[in-house]
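Subject: Handover of a structure and findings

Dear colleague,

Please find the structure below, with its sequence.

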Amino acid sequence: MQIVLCESADQVGDRAADIIEARVRQGPAVLGLATGGSPSSTYQELIRRHREERLTFSQATAFTLDEYAGLPPDHQQSYYSTIRREFADHVDLPLDRLVTPQGDAADLVAEAERYDSAIVAAGGVDVQILGIGANGHIGFNEPTSSLASRTRVKTLAGATRAANARFFPDGDVPRLCLTQGLGTIREAKLAVLVAMGETKASAVQAMVEGPVSAHCPASVLQLHRRAVVILDPGAASQLS
Ligand code: F6R
């Protein structure tokens with residue numbers, strides 16, 4: 001696991017964007033996209049490079065990490081809508097190659113299997129962007145998730161629903177989600193986790209310096225062949 005210490009959240013976004021840009025410029029890339037606040041400076045920087053430096057995503061494919069169960073793709077708060085608003089609609093990524101689990105599928109178990117198969121059929125994820133929850137989750141793999149898990153239906157932890165309530169004006173945060181599993185995430189050729197702020201410091205410390213344990217799902221990245229963790233001073237503040 002490579003740790004990159006940055007001076008600010010914007011610098012975290014710049015470093016992560018450098019890694020994605022390098023892969024995208026090599027040729028058709030399969031990107032794994034997280035949603036939430038953490039990758040937003042990365043997406044902003046990629047959008048800037050697309051507009052000002054001709055960085056093109058026209059040959060790329062993107063898979064999101066997770067989706068709320070029960071929300072149709074066009075729901076304001078679905079992760080499909082979110083990733084379009086925050087990234088895909090501002091670059092030239094073809095929308096038919098922006099893939100999310102279908103949160104409103106009639107058979108969520110079959111949908112999860114289909115999703116894992118679609119990732120394999122695309123040749124696997126080249127660069128997976130990740131954020132981390134204050135409880136150590138990645139994707140929506142909450143503490144006690146199997147380190148070998150595949151894409152599946154999960155119940156969101158109370159703390160995660162509370163943290164995400166800010167995005168749901170009516171307070172009605174879904175209870176279930178579809179998420180790539182820790183085993184699925186581990187298959188990405190390169191994993192890039194970005195974290196900012198002191199609220200993430202304890203989870204970051206457990207991920208980097210703690211034991212590999214289902215109690216801190218992100219610690220599975222210690223087993224990854226190529227994982228880069230990019231931190232601002234707040235997120236790094238509990239590292240020894
Ligand atoms: C969402 C996801 C989650 C978030 C995590 C941190 O796609 O992958 O693991 O990265 O909940 O959320 P933020 O970045 O909003 O603090």
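Isoleucine 129 is buried because 28 other C-beta atoms lie within 10 Å of its own; a residue counts as buried with 20 or more such atoms within 10 Å, as exposed with 12 or fewer, and as partly exposed in between, with C-beta atoms placed from the backbone. This is a predicted model, in which local features need a pLDDT of at least 70 and side-chain atom pairs count only at pLDDT 80 or more, while totals for chains, interfaces and linings use all residues. Residues are numbered from 1 along each chain as its sequence is written.

The protein chain has an average pLDDT of 97, and 100% of the residues score at least 70; pLDDT is the predictor's confidence in each residue, from 0 to 100. The model has an ipTM of 0.98 and a pTM of 0.96.

To return to isoleucine 129, this residue belongs to strand E6. Helices (H or I, at least four residues) and strands (E, at least two) are DSSP runs, numbered from the N terminus. Leaving aside residues up to four places away in sequence, isoleucine 129 touches Ala16, Gly32, Leu33, Ala34, Pro39, Thr42, Val192 and Val194, where contact requires C-beta atoms, placed from the backbone, within 7 Å. Isoleucine 129 and valine 194 are separated by 65 residues in sequence, and their C-alpha atoms are 7.5 Å apart.

The sheet may be described next. Seven strands form an open sheet in the order E1-E10-E9-E6-E2-E3-E5, with parallel pairing. E1 and strand E5 (98–99) stand at the edges with a single partner strand each, so one side of each has no neighbour in the sheet. Two strands count as paired if DSSP finds at least two bridges between them.

At one end of this order, strand E1 (residues 2–5) pairs with E10 in the parallel sense over four bridges, and leucine 5 has leucine 231 in E10 as its bridge partner. Strand E9 (residues 190–195) also runs parallel to E10, joined by five bridges; here valine 194 is the bridge partner of isoleucine 230. In strand E10 (residues 227–231), four of the five residues are buried. Strand E3 (residues 61–64) is joined to E5 by two bridges, again in parallel, with alanine 62 opposite leucine 98.

E9, helix H7 (residues 201–209) and E10 form a right-handed β-α-β unit; right-handed means that, with the strands pointing away from the viewer, the path from the first strand over the helix to the second runs clockwise. Ala203, Val204, Ala206, Met207 and Val208 of H7 are buried, and E1, E9 and E10 are among the elements that cover the buried residues of this helix.

Around the ligand there are 13 residues, the closest being Ala34, Gly36, Gly37, Ser38 and Gly131; a residue is included if its C-beta atom, placed from the backbone, lies within 6 Å. The shell consists of four nonpolar, eight polar and one charged residues. Ala, Val, Leu, Ile, Met, Phe, Trp, Tyr, Cys and Pro count as nonpolar, Asp, Glu, Lys and Arg as charged, and the others, including Gly, as polar.

Two backbone angles also deserve mention. Most residues other than glycine have a negative phi. Arginine 54, in the loop between helix H2 (40–53) and E3, has a positive phi near 60°. Threonine 144, in the loop between strand E6 (127–130) and strand E7 (152–155), has a positive phi of about 85°. Arginine 54 is exposed, with 7 other C-beta atoms within 10 Å, and threonine 144 is likewise exposed, with 10.

Yours sincerely

Terms used. Contact = placed C-beta atoms within 7 Å.
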